[in-house]
Amino acid sequence: ESQDVIKKKVENKEYDKVQICKYISADDYPTNEEIEAGILGAVEALLPYYEYVVGAASQKRVWLLTWNPDNWNWEDYEEVCVSTKEGKTTVIPWTCASKQPVIGDEVFLIKTGKQPRGIIAHGHVAKAAYDAPHYDPEKAAAGTMTGHIDAEYDWIQHYENEGMLLQDDLKEKFPQQQWSPMGSGIEIKSEVIPGLRKMWNALIGKDEYWPSYKAV
């Protein structure tokens, strides 16, 4: 396939991973110097492909989801708080106003409503934006649809007896970000992400090499 075709398939997520090779026949290079020159030439030819793919992977976005316990009863909340700390993930359809999240994007979940308020969970998008019945049973019965994603949470804190990244602290440290969104699913600004991850790591006792942050 041509470079343009491969780029389009990366952009539309048809290709999640691209690994391009260049074959060199040893018969073409009788001396060590010629073999070395051939390898260096192959590396030079491959670099534009890898630079593009690495650049595309680094464009993953991060989203802020919301949860108000007064509006939606998370039935297995206590169970998943425990299971995520045992290395298990949990996938849950979640309200998301934006249509832009794609598989692999990172998500943080902020508890709203009554105090305490703050970030209690982290994960990734397991299914891109789609429409589904409203989480409110009455609205769903009336035919109301709302935007969703499937969020795969890899760590969930229990807001009643475990720590969280308090909303007031986030507002003070990152005033450029909206921490009281009107709806679930706003983008977290790129300049906020490194500091936010550092705070989250400190909260849950992980370091910057925690596999959860690797590209999906």
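Biologist: How many of the 12 residues of strand S5 (residues 145-156) are buried?

Modeller: The model is a predicted one. In it, strand S5 spans residues 145-156 and is mostly covered. Of its 12 residues, the number that are buried is 10.

Biologist: In which sense do strand S2 (residues 90-95) and S5 pair, and which residue of S5 is the bridge partner of Thr95?

Modeller: Strand S2 and S5 are joined over 6 bridges, and their pairing is antiparallel.

Biologist: How many bridges join strand S4 (residues 118-133) to S5?

Modeller: Strand S4 and S5 run antiparallel. Within S5, Glu152 stands opposite His124. The number of bridges that join S4 to S5 is 10.

Biologist: Where is Tyr135 found, and which residues is it in contact with, leaving aside its neighbours within four places in sequence?

Modeller: Tyr135 is found in the loop between S4 and helix H4 (137-141). Its C-alpha atom is separated by 8.3 Å from that of Thr146, a residue 11 places away along the chain. Once neighbours within four places in sequence are left aside, the contacts of Tyr135 are Asn71, Trp72 and Thr95.

Biologist: Is Glu106 buried or exposed, and what is its relative accessibility?

Modeller: Glu106 is found in strand S3 (residues 106-111). A residue is buried when its relative accessible area is under 20%. Glu106 therefore counts as buried, its relative accessibility being 4%.

Biologist: Which side chains are joined to that of Glu106 by polar contacts?

Modeller: A polar contact of 2.7 Å links the side chain of Glu106 with that of His122. Another polar contact, of 2.3 Å, involves the side chain of Arg197.

Biologist: How many salt bridges does a search of the whole structure find, and what is the N to O distance in the one between Glu162 and Lys85?

Modeller: The search of the whole structure finds 6 salt bridges. Among them is the one between the side chains of Glu14 and Lys9, at 3.9 Å from N to O. For the salt bridge of Glu162 and Lys85, the N to O distance is 3.2 Å.

Biologist: In which loops do Glu162 and Lys85 lie?

Modeller: Glu162 and Lys85 meet in a salt bridge. The pair ties together parts that are 77 residues apart in sequence, because Glu162 lies in the loop between S5 and strand S6 (165-166) and Lys85 in the loop between helix H3 (77-84) and S2.

Biologist: Which residues form a nonpolar patch on the surface together with Ile24?

Modeller: Ile24 lies in the loop between helix H1 (3-11) and helix H2 (32-57). At 36% relative accessibility, Ile24 is partly exposed. The patch has about 380 Å² of accessible area together, and the residues that form it with Ile24 are Ile35, Ile39, Val43 and Leu47.

Definitions and conventions: Residues are numbered from 1 along each chain as its sequence is written. This is a predicted model: local features need pLDDT of at least 70, side-chain atom pairs count only at pLDDT 80 or more; totals for chains, interfaces and linings use all residues. Side-chain values use heavy atoms; hydrogens and water are left out. Buried means under 20% relative accessible area, exposed over 50%, partly exposed in between (1.4 Å probe, protein chains only). Helices (H or I, at least four residues) and strands (E, at least two) are DSSP runs, numbered from the N terminus. Two strands pair if DSSP finds at least two bridges between them. Contact means heavy atoms within 4.5 Å. A polar contact is a pair of N or O atoms within 3.5 Å; within protein, one must be able to donate a hydrogen and the other to accept it, and residues adjacent in sequence count only if both atoms are side-chain atoms. Patches are made of residues with over 30% relative accessible area and no salt bridge: like charges are joined within 9 Å, nonpolar side chains (Val, Leu, Ile, Met, Phe, Trp, Tyr) within 5 Å. Accessible areas come from the Shrake-Rupley method with a 1.4 Å probe; for residues, only the protein chains shown count as cover. A salt bridge is a side-chain nitrogen of Lys or Arg within 4 Å of a carboxyl oxygen of Asp or Glu.
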